[in-house]
Structure formats: C-alpha cells, structure tokens
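I hope they are handy to have beside the viewer.

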Amino acid sequence: MRDNHAGPPPEQNVSLGMMFLFSEIIIGMGISALVKQISGDVSFFVIMFYRYLASLPLLFLLGWHQRQKNLLQVKKVKTLVARIIMGTLGLSAWFNAVIYLPLSVATVLAQTMAIFITVMAPFILGERVGAHRIGAVLIGFAGVVLLINPFSEADSSPLWGIGFAFGIATPFFGALMFIFLRKLGQTEAPISTTLWYNMTGTIIFFVIAFTDGPLIPQNLTEKDLIWFVMILIGVASSAQQFLMAKSHQLASATVLAPVHYSAVPISIFIGVIFFNEVITLPFLTGTSVIIGSTWYILQREKIRKAENNN
C-alpha cells in the first residue's frame with residue numbers, strides 16, 4: 001500500500017543517483033576515519049550514542065516534511081525490529097572493524113555483503129540461487145583468505161584477529177539488514193524505518209554508555225575538538241542515510257552496485273595518507289578476487305530478474 005503523504009515517486013535519474021551514492025560513500029569513509037581517529041580518546045559506546053543522537057534532528061525534519069503526523073507509522077513491526085537489531089549490530093561491527101583493522105582492509109571485507117546476501121536469501125526470502133552464483137560465493141571467500149593472508153606473521157596479533165572477526169560480522173549483519181529492508185520497502189516509508197532505527201540506537205547506547213562510564217569525555221579541556229567531531233559524525237550520518245535512500249529512489253540497485261566499489265580506492269587513499277597503511281600484494285590480489293566475485297553475483301542477479309520479468 002502506498003503512503004499518501006510520500007508524494008509521487010521521483011523520476012529515474014541514473015547520473016544523479018550515482019552522484020548521490022558516491023557522495024554518501026565519501027561521507028561514510030570520512031565518518032569511519034573520524035571514528036578511527038578519536039577511538040583512543042573516547043569510549044566506543046559514547047561514540048555510538050552521539051552518532052545516533054546527533055543524526056535525529058535532521059531526520060525528524062525530513063520525516064515531518066515527507067509524512068507529517070504519520071512520520072513514525074509502521075505496519076510490519078516484527079520485520080522492523082529485525083532490521084533495527086541487524087542494523088545496530090552491523091554498524092557496531094563496522095566501527096569496531098575500522099578501529100582494529102586498517103581502514104582499507106575493513107572496507108574490502110565490507111564489500112563481501114553481496115556474497116552473504118546470496119548465501120542467506122534462499123533461507124529468508126525463498127530466492128533460488130543457481131550454480132553460477134554459488135561458484136562466485138566460493139571464489140569470493142577464497143578472496144577473503146587471500147586478503148587476510150593467514151601465512152603472514154605481520155598481522156598475527158590478537159587485536160588483528162578481533163578486528164577480522166568484526167570485519168566479517170559487518171557484511172554478515174549488513175546482509176541481513178538489507179534483506180529485512182527489502183521486505184520493509186514493500187509497504188513502509190524508508191524515513192519512518194530510519195527514524196525508528198536511530199531512535200532505538202540512541203536509547204540502547206545511552207543506557208550502555210551511561211552504565212559503562214561518563215557520557216562526557218574527561219579530556220575535553222585538552223582536546224576540545226572531540227565534541228565537534230562526535231556531533232559531526234552524527235549529523236554526517238543523517239546526511240549519509242538521506243543520500244543513500246535518495247540514490248536508490250533515482251536509480252536501481254543493480255545500476256548503482258558498481259559505485260559501491262569506489263569505497264575501496266577512497267579507503268586506500270585515506271588509509272595511506274592519514275594512517276600510514278601499507279598496501280601489499282596479497283591485499284591487492286584478495287581485493288580483486290572479492291570485487292570480481294561480487295560483480296559477477298550482481299550480474300547473475302540482473303540476468304535472473306530479467307528472466308523473471310519475461
């Protein structure tokens with residue numbers, strides 16, 4: 001059922017949609033770099049609390065503009081709860097992966113989301129997965145092995161292992177979130193589900209951060225920019241969510257899929273310039289295999305949809 005307050009659907013504009021998504025990726029990488037930068041001075045739970053809290057004002061303004069008094073109306077409550085849980089776990093895993101891993105490695109691992117969606121879609125959505133996509137999934141996981149280079153002694157520290165666990169958890173929970181978002185998208189307004197997600201995250205991390213320690217960083221007198229950075233992370237996150245939703249209104253997910261890969265060179269640039277990350281041959285090889293396999297999965301998905309429409 002269509003939302004009477006949402007207005008007519010926007011016309012498809014692929015170029016503008018790709019520009020919005022690319023802007024969202026740049027903002028997302030900037031947010032991740034800021035989280036990595038301040039993680040040594042501020043509790044992870046405090047960072048998450050302010051990320052959710054500071055994102056709410058702009059989202060509420062947008063929601064009121066789109067839906068007025070219906071801005072929080074949602075029909076599929078159980079599916080929304082599942083989306084909130086998976087989204088919260090996915091974002092928590094992503095920020096921890098960024099903290100413990102090189103930004104470039106965390107970003108490439110996040111690109112395996114299409115692989116996890118392919119694995120889980122048959123069980124949750126009842127979609128059929130053919131031999132071609134199963135083969136691409138296996139190749140993709142081989143790329144992950146190449147990326148982490150388990151025979152290297154340079155990345156054998158316990159912290160790196162923790163980071164890798166978070167790095168794999170990120171696309172796993174992200175894939176589940178997008179599967180539930182796909183279900184919600186059939187009946188719900190995106191801004192409403194986004195508001196519920198961010199309000200719930202604010203409450204959850206307020207409770208955890210308040211229990212864990214002070215909500216106000218103790219060293220603000222020494223590093224007064226921390227306040228600004230945490231508020232900036234939240235405000236930028238609301239802009240990021242708007243750009244993501246808008247890009248998918250203007251162009252199909254299949255068309256936009258290649259744009260997601262731009263996160264890899266952006267993360268490499270940020271990692272090398274600001275965090276002195278070193279790009280190795282196993283990293284480049286694993287990255288190429290992962291991107292190639294996810295690209296193939298997306299192409300097979302495109303072919304499947306075309307066959308179903310005929």
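1. A word on terms to start with: helices here are DSSP runs of H or I with at least four residues, numbered from the N terminus. By that reading, Gln240 belongs to helix α9, which spans residues 225–250. Gln240 has a relative accessible area of 18%; the cut-off for buried is under 20%, so Gln240 is buried. Leaving out neighbours within four places in sequence, the contacts of Gln240 are Glu24, Ile27, Gly28 and Ile31.

2. Please keep in mind that this is a predicted model. The average pLDDT over the chain is 83, and 82% of the residues score at least 70. Confidence is highest in α3, with a mean of 95, and lowest in helix α10 (residues 253–260), with a mean of 74. Residues 1–8 deserve a separate mention: pLDDT stays under 50 there, and the model gives this stretch 12 contacts beyond four places in sequence.

3. On the overall make-up, the chain has 12 helices and zero strands. Read from the N terminus, the order of elements is α-α-α-α-α-α-α-α-α-α-α-α. Of the 310 residues in the chain, 45% are buried. Among contacts with a separation of 6 or more, 89% join residues 24 or more positions apart.

4. How do α2 and α3 cross? The axes of α2 (residues 44–67) and α3 (residues 77–100) come within 11 Å and cross at roughly 125 degrees. The two helices are therefore oblique to each other, and α2 passes α3 in a right-handed crossing. On the α2 side the contact is made by Phe44, Met48, Arg51 and Tyr52, while α3 brings Gly87, Thr88, Leu91, Ser92, Phe95, Asn96 and Ile99. Sorted by class, this contact of α2 with α3 holds six nonpolar, four polar and one charged residues.

5. Helix α2 also packs on helix α8 (residues 190–212), at an angle of about 155 degrees and with the axes 8 Å apart. An angle over 145 degrees counts as roughly antiparallel, so that is the label for α2 and α8. The crossing of α2 with α8 is left-handed. In this contact there are 19 nonpolar, eight polar and three charged residues.

6. Is helix α4 (residues 103–110) mostly covered or mostly open? It is mostly covered, with eight of its eight residues buried. They are Leu103, Ser104, Val105, Ala106, Thr107, Val108, Leu109 and Ala110.

7. Val105 is worth a look within α4. Its relative accessibility is 9%, so Val105 counts as buried. Beyond residues up to four places away in sequence, Val105 touches Leu147 and Phe283. Val105 also lies 9.8 Å from Glu277, C-alpha to C-alpha, although 172 residues separate the pair in sequence.

8. Ile266 sits in helix α11 and, at 17% relative accessibility, counts as buried. Which residues does Ile266 touch, not counting those up to four places away in sequence? The answer is Phe22, Ile25, Ile26 and Met29.

9. Gln68 has a positive phi of about 50 degrees although it is not a glycine. Gln68 is in the loop between α2 and α3 and is partly exposed, at a relative accessible area of 29%. Asn276, also not a glycine, has a positive phi of about 55 degrees. Its loop runs between α11 (263–275) and α12 (281–309), and Asn276 counts as exposed, at 65% relative accessibility.

Definitions and conventions. Residues numbered from 1 in each chain as written. Predicted model: local features only at pLDDT ≥ 70, side-chain atom pairs only at ≥ 80, totals over all residues. Heavy atoms only, no water. Axes fitted to C-alpha atoms, helices over the stretch in contact; angles between N-to-C directions. Parallel < 35°, antiparallel > 145°, perpendicular 65-115°, else oblique. Left-handed = near helix turned anticlockwise from the far one by under 90°. Contact = heavy atoms within 4.5 Å. Nonpolar A, V, L, I, M, F, W, Y, C, P; charged D, E, K, R; others polar. pLDDT = per-residue confidence, 0-100. Buried < 20%, exposed > 50% of the residue type's maximum accessible area, 1.4 Å probe, protein only.
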